[in-house]
Every structure is written in C-alpha cells, then in structure tokens.
Amino acid sequence: MTTPIPHQTLYAQRRARLAAQLGDGGIAIIPTAPERIRNRDSEYLFRFDSYFYYLTGFTEPRAWLVLTADGHSTLFCQPKDLEREIWDGYRLGPEAAPAALGVDEAYPVDELDTRLPPLLENRSSVWYPFATHAGLETRIEGWLQKVRARVRYGVLCPQALRDACALLDEMRLIKDAHELDVMRRAARISAHAHVRAMQRCAAMIRAGEDVREYHLDAELLHEFRRHGSQYPAYGSIVAAGANACVLHYRADAAPVRAGELVLIDAGCELDGYASDITRTFPANGRFTGPQRDLYELVRAAQQAAIDATRPGARFVDAHDAAVKVLAQGMLDLGLLDRNDVGHLDDVIEQRHYFRFYMHRTGHWLGLDVHDVGSYVEPSEVGQTSERRDSLSGEIIRDRPSRILRPGMVLTIEPGLYVSPSSGAPAHFWNLGIRIEDDAVVTDTGCELITRDVPVEPDAIEALMRG
C-alpha cells in the first residue's frame with residue numbers, strides 16, 4: 001500500500017489555485033530541477049525546483065507536472081527500476097504516484113516527448129516558468145511544432161506563451177500556516193547553531209586553541225544536521241576580522257583572533273524552507289569600545305527597521321528607517337565628516353552612507369533564501385517616477401514599493417562595513433557588522449522568529465561566558 005505524502009491536501013489546494021488562474025484552455029508545464037554533475041561522474045546533492053515542490057511535495061529528480069485549467073494534474077516521473085534503485089535509492093514510480101501525491105495520473109518521464117504534444121492540442125495558452133530552466137523554451141517549441149503539424153486535421157495550436165512565475169510568485173509570497181510552522185522550526189535550528197558557534201569560539205580561545213573560520217562552520221553544520229535539517233540554505237559566511245567587510249565572503253581557513261569580531265551569516269534549510277540569520281560577536285566574548293559603538297548603531301538601525309515592518313507599510317520603509325539611523329550614527333561617530341558631507345539629509349540624498357552600507361535591508365524569504373515575489377505593488381505598477389542616481393549618475397525608474405501584508409516573510413539585516421580605505425577613523429578599521437533576523441508580517445506588526453540567538457551585546461557576552 002502506498003503511503004500518501006504529508007500534507008497531500010495542501011499541495012492539491014495549491015494546484016487548484018494555480019489551475020483557476022490559467023484561463024479557459026490554459027495548460028501549465030512545471031519541471032523540477034535537473035541533476036548536476038560536480039566533477040566527472042560525481043553529482044551534486046540533488047535539490048528539487050522550488051516551484052515544482054510547492055505544487056507537488058515531490059522530491060525526486062527527472063519529474064514534470066502538467067496542470068490544465070480544469071484542475072487535471074499529470075505527473076511524469078522516473079519509472080520503477082529495481083536495479084537502479086540498488087544504486088540510487090527508492091523511486092516512487094508512476095503507478096504509485098497518484099495515490100501518494102494526489103495527482104490524477106502519472107506516466108514514466110521517458111514518455112514525456114510523446115505525450116506532451118497531444119496534451120497541448122486545442123489549448124489556448126501554455127504557462128511555464130520563464131528564464132528558470134535552460135533549454136525549456138526550446139523543448140516547448142519542439143512540442144508545439146508537433147501540434148502545429150496537425151492543424152490540417154483540425155487541431156488548434158496554443159496562441160500564447162505565458163510566464164507561470166507571475167502566478168506562482170504571488171502565491172508563494174503569502175505563506176500559509178504549514179509554511180510558517182516549517183520556517184519557525186528552521187529558524188530555531190539555525191539560531192541554536194549560531195549559539196553553538198559563539199560559545200565554542202569563546203571556549204576554544206580561552207583554552208588557547210587555534211581557531212579557524214572552518215571550525216565555526218563545522219559547528220553550524222553539525223547543529224543543522226543534528227536537528228534534521230537537510231542542507232544549509234546557502235553557503236555559510238563565517239568571516240573573522242577584516243573578512244567581515246567582504247559581503248559574500250565564505251567560511252575559509254583564516255584565524256579567529258581574540259580582540260576581533262566574527263560575522264556569521266548562516267541558516268539551514270528544513271523541508272525545503274530557508275532560514276537566514278546573521279550575528280556579529282567578539283571572538284573572545286568581550287566587545288571593545290569601538291566595536292560596541294558600531295554594534296549598537298547597527299542594532300538601533302535594525303530596531304528602527306523592525307518597527308517599520310508592519311501591515312500596510314511599504315517594503316522599502318524598513319530600509320529607509322535603517323538608513324536614517326545609520327546615516328545619523330555615521331555623523332555622530334565620525335565615520336563621516338560633517339564638513340565634507342553636510343547634514344543628515346545630505347548624507348541620505350547623496351548616498352554618502354553607501355561608503356559603509358552598500359546593500360538593502362532585507363529580502364523575501366521562503367523556499368528560496370532570496371525568495372520570489374515582486375517588490376513592486378501590483379496595483380500600482382503603472383505609476384513611475386524617474387531620478388538620477390547620485391553615485392552612478394544613471395537614470396533610475398522607480399515604482400511604488402510593495403505593501404506589506406500578513407503572511408509575508410522577509411529578512412531585516414542592516415550592517416556597517418569599515419575598510420581602511422573608507423576614510424573612517426583608524427579605530428574603526430576592519431570592523432564588519434551585520435545583524436539579521438527573519439520576520440513574519442502579522443496583523444499588528446511583525447514576529448521575529450530567529451531571536452533564540454541574542455542580539456543585545458550584553459546578552460552575547462553573557463552567552464559566550466557560559
């Protein structure tokens with residue numbers, strides 16, 4: 001007897017919602033991700049396509065979902081093959097797929113090229129994810145050519161190709177209760193991993209041991225897997241000292257020294273859903289004066305962004321709130337010279353702050369760590385304004401920022417990065433600080449789901465003494 005996948009009804013409801021938006025005679029084709037060769041005959045660990053998983057819950061490679069506007073779903077998947085299963089693992093197979101996944105019918109994936117053209121006949125439009133799968137457009141064109149070859153027999157060929165991402169991105173932007181439950185669990189695992197890395201770092205330094213960035217990375221990975229996470233959600237950043245000023249630095253072999261800060265940006269993926277946390281802490285568990293000054297500034301900026309994250313606000317409001325606090329702090333601490341840059345409004349308007357803060361304050365979070373969903377409010381997309389960027393000189397066309405609604409999940413992650421070439425006072429050089437939490441927009445504000453690891457400097461120091 002085939003055991004249905006967990007939450008089978010939920011996936012069926014999502015397929016029904018998508019089908020209802022395809023329009024009369026519409027058909028959607030959604031493939032999973034391809035397997036990828038790492039080197040020679042060794043493959044990277046397979047990770048399914050997020051759109052495909054969102055609609056099916058199916059995690060095997062070489063699979064396709066075909067969905068019609070009337071809600072009929074067809075799965076193409078690997079056939080049962082006992083010899084290959086000895087090598088590669090269990091396959092569900094098309095015979096068991098309908099009962100296990102709740103799809104209407106299933107066929108071997110090797111029959112895809114044969115069965116797709118008849119499924120496309122007499123359809124008005126074909127929906128598929130644009131610009132996400134190399135070669136997909138060419139393959140669909142090949143199927144449509146076979147349909148067009150039969151028009152003399154009265155067959156109608158689809159007249160429109162449409163981007164399924166436009167529909168699915170909007171669906172995925174608002175998380176349901178199941179998604180939020182998984183994301184909260186992923187956040188707890190990741191927070192505990194950060195706690196573990198902080199405490200081990202301080203303990204190793206106190207013991208006089210050689211501490212490297214990869215030692216802390218190992219602590220993160222151990223905690224992720226120990227609690228059931230399948231993978232890191234992205235390549236972990238473990239950056240000691242000056243390396244923290246490199247935004248996309250990766251955990252490497254640099255020494256972790258007492259007196260320096262360590263920036264860790266790491267999160268696990270659990271059942272397909274990402275978490276994303278950044279913490280910055282003193283390697284030996286004690287902030288110096290300049291370190292604490294900059295840290296408290298970033299923390300204040302994050303709190304301003306948190307306060308601005310609420311239903312009815314705009315996505316960009318959190319960034320604007322953080323920038324205002326950071327810019328004022330740069331002036332107050334002497335990172336920026338008032339004689340050179342002017343007052344707060346000048347710093348913001350001319351983007352002088354960009355010297356120390358060069359990224360946005362957040363992004364959507366979900367099945368992808370940089371999750372899908374437009375950052376422009378759909379009802380206002382036609383409203384545009386133009387401005388000249390003060391740094392690049394290019395003309396920027398702005399559209400109204402997304403209005404936040406309950407169920408959206410985003411990161412809040414301001415930072416400061418002070419390199420020796422920045423012109424800042426020398427006691428701030430080589431300090432890179434970022435604080436990042438994952439926030440769920442609620443009916444009244446936002447819920448931070450990653451605060452099982454502290455952000456207050458006193459609490460961090462107390463934790464690292466333990």
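This short talk looks at one threonine and then at some aromatic rings.

Hi everyone. A quick word on the ground rules: this is a predicted model, where local features need pLDDT of at least 70, side-chain atom pairs count only at pLDDT 80 or more, and totals for chains, interfaces and linings use all residues. Residues are numbered from 1 along each chain as its sequence is written, and side-chain values use heavy atoms, with hydrogens and water left out.

Let's start with T32. You'll find T32 in the loop between β1 (26-31) and β2 (37-39); strands here are DSSP runs of E, at least two residues, numbered from the N terminus. Is T32 buried or exposed? T32 has 6% relative accessibility, so it counts as buried, where buried means under 20% relative accessible area, with a 1.4 Å probe and protein chains only. A polar atom of the T32 side chain also lies 3.2 Å from the backbone nitrogen of D49.

Now for the rings. Rings of Phe, Tyr and Trp (its six-membered ring) pair if their centres lie within 6.5 Å; planes under 30 degrees apart are stacked, over 60 edge-to-face, and the rest tilted. How many aromatic pairs does that rule give? The count is 10. One of them is F76 with Y107, a tilted pair with 5.9 Å between centres and 35° between planes. F76 belongs to strand β5 (residues 73-77) and Y107 to strand β6 (residues 105-108), so this pair ties together parts 31 residues apart in sequence. F76 is buried, at 0% relative accessible area.

Finally, Y11, F48 and Y53 make up one aromatic cluster.

Conventions
Helix = DSSP H or I, 4+ residues; strand = E, 2+ residues; numbered from the N terminus. Buried < 20%, exposed > 50% of the residue type's maximum accessible area, 1.4 Å probe, protein only. Polar contact = N/O pair within 3.5 Å; in protein donor to acceptor, adjacent residues only side chain to side chain.
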